[in-house]
Amino acid sequence: MPTDKAMEAVKGLDVPRYMGRWYEIACFPSRFQPRDGENTRATYTLKEDGATVGVLNETWSGGKWSYIEGTAYKADPNSDEAKLKVKFWVPPFLPIIPVTGDYWVLYIDPEYRHALIGQPSRSYLWILSRTPHMEAEVYNELVQRAVDEGYDVSKLKKTPQADPAPEAEQGPEDKKGFWWIKSLFGR
């Protein structure tokens, strides 16, 4: 669904309030995430400089816990738009290649409970929540917002989430670095 509409990001995002854990409710599948990923979530932590955000992306794949760490920062420090860049290093165990992408907050509810994340090419989309599950009405509202931003929402895939969500220490760890190897092959 091509569109000429300029994508709009949230203005005036309260970055400290945005920090913490977010659960992936749905996303466009990508080669950077395991196809069988479940209980996928991101945890954001504001660094001491007040401008850099620590990113911890976690998922369970094949019954094992996997993760990758990175950083995020405003694409334009002088703008009030929530247009961020995220950077991960690959391979994670010997960080030599930076992989950078766009992370635009397209919508956040006033209570900072639900968010719609995208990027200018409209190739990636995430629906996030502070809890592992989202009411259908809220989900449908976020899907409609994505449509309004020019996304082809037929690509959305819901992410299985357990309640309560498992913690890392509750299962075996996938060897650090396997996630990025799998992503190269789209698995």
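Lys 85 and Asp 102 make a salt bridge, with their closest N and O atoms 2.8 Å apart. (A salt bridge here is a side-chain nitrogen of Lys or Arg within 4 Å of a carboxyl oxygen of Asp or Glu.) This pair joins distant parts of the chain, since Lys 85 sits in strand β5 and Asp 102 in strand β6, 17 residues apart. Strands are DSSP runs of E with at least two residues, helices are runs of H or I with at least four, and both are numbered from the N terminus.

A word on the model: it is predicted, so local features need pLDDT of at least 70 and side-chain atom pairs count only at pLDDT 80 or more, while totals for chains, interfaces and linings use all residues. Residues are numbered from 1 along each chain as its sequence is written, and side-chain values use heavy atoms, with hydrogens and water left out.

**Salt bridges**

Searching the whole structure turns up nine salt bridges. Here are three of them, including the opening pair.

| Pair | N to O distance |
|---|---|
| Lys 85 and Asp 102 | 2.8 Å |
| Glu 58 and Arg 41 | 3.0 Å |
| Arg 113 and Glu 111 | 3.2 Å |

**Nonpolar cores**

In soluble globular proteins, nonpolar side chains tend to be buried together. A nonpolar core is a set of buried Ala, Val, Leu, Ile, Met, Phe, Trp, Tyr and Cys residues joined through side-chain atoms within 4.5 Å. The largest one has 24 residues, and those with the most contacts inside it are Tyr 18, Tyr 44, Tyr 103, Val 105, Ile 108 and Leu 128. Strands β1 (20-27), β2, β3 (53-61), β4 (64-74), β5 (83-90), β6 (97-108), β7 and β8 each put in at least two residues. Apart from that core lies another of 19 residues, including Ala 9, Phe 28, Leu 116 and Leu 125.

Most residues other than glycine have a negative phi, and most peptide bonds are trans. Which spots go the other way? Asn 39, in strand β2 (residues 38-46), has a positive phi near 55°, and at 5% relative accessibility Asn 39 is buried. Arg 122 has a positive phi of about 65°; Arg 122 lies in the loop between β7 (114-118) and β8 (125-129) and is buried at 14%. The peptide bond from Asp 163 to Pro 164 is cis, with omega near 5°, and Pro 164 is in the loop between β9 and α3 (178-184).

**A buried glutamate**

Glu 149 sits in the loop between α2 (136-148) and β9 (157-158). Glu 149 counts as buried at 10% relative accessibility, and its side chain reaches the backbone nitrogen of Glu 8 at 3.3 Å.

Technical notes
Buried < 20%, exposed > 50% of the residue type's maximum accessible area, 1.4 Å probe, protein only. Polar contact = N/O pair within 3.5 Å; in protein donor to acceptor, adjacent residues only side chain to side chain.
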